[in-house]
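The structure comes first, and the text follows it.

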Amino acid sequence: MDTPDQINFFRRIRAALGHAPDVSRNASHLFAEGPSPEELQLLDRIRRRTAEGRQALLERLVEAGKPINLSVTALPDVAYASAAIVRLVGEKKPEWGDAKHIAAWRHPLIDRLNLPEALDRLQVPVHATAPIPIDAGSQFDQVERERQRAGIIASFIGVTSADFCLADTATLVMRNRPGQPRSAALVPSIHVAVIHLDQILSDMKELFALLRWDERYRSEGLSNYMSFISGPSKTADIEATMVHGAHGPREVHLFVVTE
Amino acid sequence: MIATINPQEEPYEKEKKERYGLIPMAPKPRTTLFIQCLVDTVWPHVAEAMVGVLEGLGLELDCPTDQTCCGQPAFNSGFRREARVAARRFIEIFEKSGTIVSPSGSCVYMVRHHYAELFKDEPKWRARAQRIAARTYEFSEFLVDVLKVEDLGASYPGRVTYHDSCHLLRGIRVKEQPRRLLRKVAGLELVEMKNSDYCCGFGGAFAVKYPDISAAMVNDKVDHVVNSGADTVVGCDTGCLLNIAGAVSRRGLSIKTMHIAEILAHRR
Amino acid sequence: MSDISTEKYIEEARRGIANPVLQKALVGLQDRFGRGTAEAYRRLPEGPDLRIKAHEIREKAIANLDVLLEILADKIRANGGHLYFAETAQEAVDYGLAVARRNNVRLVVKGKSMVSEEIGLNPALEAAGIEVVETDLGEYIIQLAGEKPSHIIAPAVHKNRHDIADLFVQKLGIRRTTDPPELTHAARKALRAKFLAADMGTSGVNMACAETGHITTVSNEGNIRMATTMPRVHVAFMGMERIVARLDEYEIILRLLCRGAAAQTMGTYASYIGGPRRPGESDGPDEFHLVVIDNGRSRILADPQFREMLYCVRCAACLNVCPVYGKIGGHSYGFAYSGPVGAVVTPLLTGINRAKDLCQGETLCGACRDACSMNIDLPRMLLALREKLAYGDAAWQVKPASRAEGLAYRGWSWLIRNRRLYELGLKLAATGQKLLPHRKGMLRRLPPPVQGWTQSRDLHPLAEETFMERWRRTRKS
């Protein structure tokens, strides 16, 4: 299991730390058995959050979004969100070429937006990124992934949901799953995220407490790829002048459904 | 202002007391003069001014005239054995002294901060050093924090800007005290300059070994003094002041460079 | 190994000081980020003292580096990732090359990684006929210009919009513009094509978390996400010290890293990567490789005086407040790491004698220590390096840098031991100085070896009478 490069590497580190070079040391004292008192408080706070509390988080989120150019809109239900997306598709121009395509996650909340139907009138194709069946064979797997990739690259808007949103820093948190490709929130020029009010947490501390200790999230943990996205991409590499729109999306629109 | 954390905030006061075991002094303690080598040999008038101010407050002063150097120049250049020679001598000379006051933040920092490190393998010397460090103060710190005095009855007509010396500001965390003293000087208008807490480029041997960089830094400092509209630049460390004064002179400017002791001793 | 030019510190410093474009850029950088970071620390809910907690977290992690790296490796392997532990720069580069060859890689897109600069990855890939494209805008600019980075976070800080416009006209064939959004868009367009065509993406690692088995990359541009999502293969290069134990500890480090690096509460993108694409997922790399690099770090680890340097997270907050860096710029430091962190790390990694000007060419002003997101005592380590240069050191293979200086301080230590001798020396000097050029009472030119002082400033002469002499004369009667 341990390759020669690893064996020698660790011998050197252990020797540098003054330990027996060949003995693997025990780690348990470095990790917690259970949540700390602070984390218990955080979990409790999340559990007890009222409607007012969530509304307050939403307001904080809107404020936090302003300096990073994240547009946050609260909408009463998915129909409104769907209409808002349709409006965006109509108004915005593609960055590369003229053809308008959009990509959308296969996700319970996104499915309810009914985008293919809503955009049919505008004749805008919707590339839905379905989960790839695991036992379908590698050939199919490859072809399907290429197809989805091409669909995302052709799209000027990518519609996704998220797992959580952190109000403090207006950060969308997405853990990787089949049917929810990361590139949908990355490659298209415009990223649209639709979440529910309940998904808003206060900050990273709350998020990590949940991911570490809450039974609902613990087994998945961070998944093999978790993204934090706080607004559109930006850079200040040219004369320290802030420019929004570097390599990731130039615009990010967050719709929070409050129903 | 660069990334200086406000030294008046709680944790640093606590750190100072814990680190040096500084104990509150009785009013008017017996005071021993610790005169920086640069002051002793180049600008003795700074020490004269400090003596004037302290005696004016009714303090009894003594001065071990055998003192030469705290060892900082050797230490900063890496020559710790030689620095230890100076440090041991300092300890022997000042062991029987009263409260020690110096017109130099960097020397006080050397004693309070680096002596323990110099003697980390010699517990007896370290203990002796720490006892002395616990009663060693920089001049402005001594006036404001120990004697609780801010108004020395001084008067200085002029527009003054204050330069924060590195070891005074970031070493022993003295920032507000000199400003409080200067604000009480009659006729003195205190203006802040840009980057008052940026290093002036002295750095001891640095000024001689890396003259291009040092020159660039001191010229920036002088530019900031000029742009502040001040006619006088004041500081608490003679190394910095000689550096700044040297650049002012070379550039033919009419700005006065003075130690805070001179201002506080100044009368109409 | 990348080419090192630490010996050119003084020469490059002079060039940097004389460069008006660089000077303007550095003032802007420090005004904005130096001040901004201090404010960001003050605004932390825990206050600037959070840095002390961060120091403890990193101290604990480094003290248990073997344990944490082993856990990280196990978890990533369990997730389908590959690990390689590279003792030297060459081993790390060779592994990267092997992965590229095995996967028929023709084009590599790179997320900014200082350790990849340190090991000299780009030249090796290029020598193997592989096209390498830097995708961080600053790195892209200097790659096109054939230059080295001059700042850890903002590599092209020394270039102004006119330089960049000229460069893009020449290399990208665009219509000339000096408008930053337009220039950025030109790069966005050029790089998009590269991201979508690349076979392999590389990145660094900002910080790894052992508990969860993830490495994290942070950026504002999205280039690291693109480079580690679109190509088939992702190779991440990690300095072995960049790890913490737990997720709640990691949270503190991340918050400080964002503030130290760019005075932000959060970078635009943070990606937590624990392995390659899983079955059923539409995108993500087929292969994920983590290359953990020693390259001299274990030697630093073994020395209690310098172990603290491994707590560094390369946020570059120290560069943004350093008055020396602020005048000389990053190229003077002659290696991947510039500023105060470079002044300590570069000698330890490349040779203390070789990089002696980096250890000695600062004023120990302490601004870096106050700005450091991990509260590292950089001045302490600079002083420790200077001690080694003063006397030599067997363990670090250091020769005394200047026997003459050693003799001078030895002489000085005799002089200061005896007040009478000291005063005699001063009297001689006070007399001798009368022979030196004067103007308006100030010395204009000092003789070698101290002529550096009067190169650009005058010097007050020694006083006629020392304070101690006067005290004796007037008081002790």
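In this predicted model, Glu48(B) and Arg470(C) form a salt bridge between their side chains, with 2.7 Å from N to O. The interface of chain B and chain C holds 11 salt bridges, and 37 residue pairs are in polar contact between chain B and chain C, both residues at pLDDT 80 or more. On the side of chain B that touches chain C, helix H12 (residues 211–227) of chain B gives the most, with nine residues. By class, that side of chain B has 43 nonpolar, 17 polar and 17 charged residues.

Chain C also touches chain A. Of the two pairs of chains in contact, chains A and C share the most contacts. Chain A and chain B are joined by no contact, and their closest C-alpha atoms lie 18 Å apart. The table sets out the two interfaces.

| Interface | Residues in contact | Buried area | Share on carbon and sulfur atoms |
|---|---|---|---|
| Chain C and chain A | 97 residues from chain C, 76 residues from chain A | about 7500 Å² | 56% |
| Chain B and chain C | 77 residues from chain B, 78 residues from chain C | about 6800 Å² | 58% |

Across the interface of chain C and chain A there are 14 salt bridges. One of them links the side chains of Arg212(A) and Glu211(C), at 3.0 Å from N to O. Between chain C and chain A, 43 residue pairs are in polar contact, both residues at pLDDT 80 or more. Helix H10 (residues 180–197) of chain C gives the most to the side of chain C that touches chain A, with 12 residues. That side of chain C is made up, by class, of 45 nonpolar, 24 polar and 28 charged residues.

Over all chains, the structure holds 87 salt bridges. Among them is the pair Asp66(C) and Arg25(A), whose side chains meet at 2.9 Å from N to O. Asp66(C) lies in helix H4 (residues 65–78) of chain C, and Arg25(A) lies in the loop between helix H1 (4–16) and helix H2 (37–47) of chain A, so this pair joins two chains.

Which strands are joined between chain A and chain C? Strand S9 (residues 225–229) of chain A and strand S9 (residues 269–273) of chain C run antiparallel and are joined by five bridges. Within this pairing, Ile229(A) has Tyr269(C) as its bridge partner. Both S9 strands belong to an open sheet of eight strands with mixed pairing, in the order S8(A)-S5(A)-S6(A)-S9(A)-S9(C)-S6(C)-S5(C)-S8(C). The edge strands are strand S8 (200–201) of chain A and strand S8 (243–244) of chain C, each of which pairs on one side only. In chain C, strand S6 (residues 214–219) runs antiparallel to S9(C), and five bridges join them. Ile215(C) stands opposite Ile273(C) of S9(C). Strands of a sheet pair through backbone hydrogen bonds, either parallel or antiparallel.

Another open sheet lies in chain C. Its six strands pair in parallel, in the order S1-S10-S7-S4-S2-S3. Why is one side of strand S1 (82–86) and of strand S3 (131–134) of chain C left without a neighbour in the sheet? These two strands stand at the edges, each with a single partner strand, so one side of each has no neighbour in the sheet. The twist averages 20° from one strand to the next. Strand S7 (residues 233–239) and strand S10 (residues 287–293) of chain C run parallel and are joined by seven bridges. Phe237(C) stands opposite Val291(C) in S10(C). Helix H5 (residues 89–102) of chain C lies across S1, strand S4 (200–203), S7 and S10 of chain C, and runs at about 170° to S10(C).

Two backbone features of chain C remain. Most residues other than glycine have a negative phi, and most peptide bonds are trans. Asn104(C) is not a glycine, yet has a positive phi of about 50°. Asn104(C) sits in the loop between H5 and strand S2 (107–110) of chain C. The peptide bond from Pro448(C) to Pro449(C) is cis, with omega near 5°. Pro449(C) is placed in the loop between strand S12 (442–443) and helix H21 (451–454) of chain C.

Methods: Residues numbered from 1 in each chain as written. Chains lettered and ligands numbered in written order. Predicted model: local features only at pLDDT ≥ 70, side-chain atom pairs only at ≥ 80, totals over all residues. Heavy atoms only, no water. Contact = heavy atoms within 4.5 Å. Buried area = accessible area lost by both parts, 1.4 Å probe. Salt bridge = Lys/Arg side-chain N within 4 Å of Asp/Glu carboxyl O. Polar contact = N/O pair within 3.5 Å; in protein donor to acceptor, adjacent residues only side chain to side chain. Helix = DSSP H or I, 4+ residues; strand = E, 2+ residues; numbered from the N terminus. Nonpolar A, V, L, I, M, F, W, Y, C, P; charged D, E, K, R; others polar. Pairing = 2+ DSSP bridges. Axes fitted to C-alpha atoms, helices over the stretch in contact; angles between N-to-C directions.
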